Amino acid sequence: VEPGALARSGALVAEIVRPHNVLLVSSPAIADRHAAQLLHSLHAAGIPVGTALVPPGDRTKSLRTAERLIDAAVAHHLERSSAIIALGGGVVGDLAGFVAAIYLRGVSFVQVPTTLLAQVDASVGGKTAVNHRAGKNLVGAFHQPKLVVIDPAVLDTLPPREFRSGLAEMVKHGVVLDAAYFELMERQMAAILRHEGAALTGAIAGSCELKAAVVASDEREAGRRALLNYGHTFGHALEAVTGFRRYKHGEAVALGMEMAAQLAVRLGIFSPDGAARQSRLLQAAGLPVRLRGRPAFGADDLLAAMEHDKKVARGRLRF
């Protein structure tokens, strides 16, 4: 995690992964902005590269697109000693990681996340998946990246709404894992929103450290890692009932955190003051804490979507 890391990513890949060749997976807009720097560094390191581009948006996370990427891997002669590199946001990372997990029963995977959300969440933890019409991330595998290269400088080209979306997961890490980190976010949110170097790099690194420690202790979500799902049961349902079009993932998570907090307050396991602090920090980050406008869905629709949530255990939904 350092400014300028993208420019030396080829050397890092050569040192840590040592692939025979690589397939670079990205989306057109991200490739236009950042692929040249990455490709130059890979070529300088003597690594042959093929490229495959996928459309932007969550609807790209499908078995059909995964099959197209497998075709590209075959066309570029990827072997067991090869690697797949994801350059992009969470959609690209989830999709490329899923293909890396299943192609030849698993090839090396490298994450080069270009959104804040991907940097602090999707790139760390090894969860890879595609969506199914019944729900989000229903088809997937655990496949840890060999390397994650996070360059905060790439966020300077990120639209403000996308940047704010990533802040939701960082606030979540503070709420469920570390009070000191939450307080750091409270103090430095204004500086983070201004992309101030030290504040932004430190917040990203701190968020990654918190998540990585949980993943290392519970890779396959048998216990403590379930904490990282805070806000996601409601959030994923919101995304599903709005066709993955109305809310960015981080916006849905922020709304889901608010719903989960209110549920927890009613159950007597979260203090009203704690819920209020969470709400204030989410609002300071420019994230929604109330549904916009009059919803075109009801509580029954949300509950039906939750029934397909991957956190359902023995027929019962877990929060």
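**View 1. Packing of helix H6 against helix H10 in a predicted model.** Helix H6 (residues 160–177) and helix H10 (residues 249–267) pack at an angle of about 40°, and their axes lie 7 Å apart. Axes are lines fitted to C-alpha atoms over the stretch in contact, with angles from 0 to 180 degrees between N-to-C directions; helices are DSSP runs (H or I, at least four residues), numbered from the N terminus. The H6–H10 crossing is left-handed, that is, the near helix is turned anticlockwise from the far one by less than a right angle. In contact (heavy atoms within 4.5 Å), H6 residues including Arg-161, Glu-169 and Lys-172 meet H10 residues including His-249, Glu-251 and Met-257. The contact residues comprise six nonpolar, three polar and four charged (nonpolar: Ala, Val, Leu, Ile, Met, Phe, Trp, Tyr, Cys and Pro; charged: Asp, Glu, Lys and Arg; polar: the others, Gly among them).

View 2. Val-241 is 55 residues from Ala-296 in sequence, with a C-alpha to C-alpha distance of 8.8 Å.

**Notes.** Residues are numbered from 1 along each chain as its sequence is written, and side-chain values use heavy atoms, without hydrogens and water. In this predicted model, local features need pLDDT of at least 70 and side-chain atom pairs count only at pLDDT 80 or more, while totals for chains, interfaces and linings use all residues.

Terms used:
Helix = DSSP H or I, 4+ residues; strand = E, 2+ residues; numbered from the N terminus.
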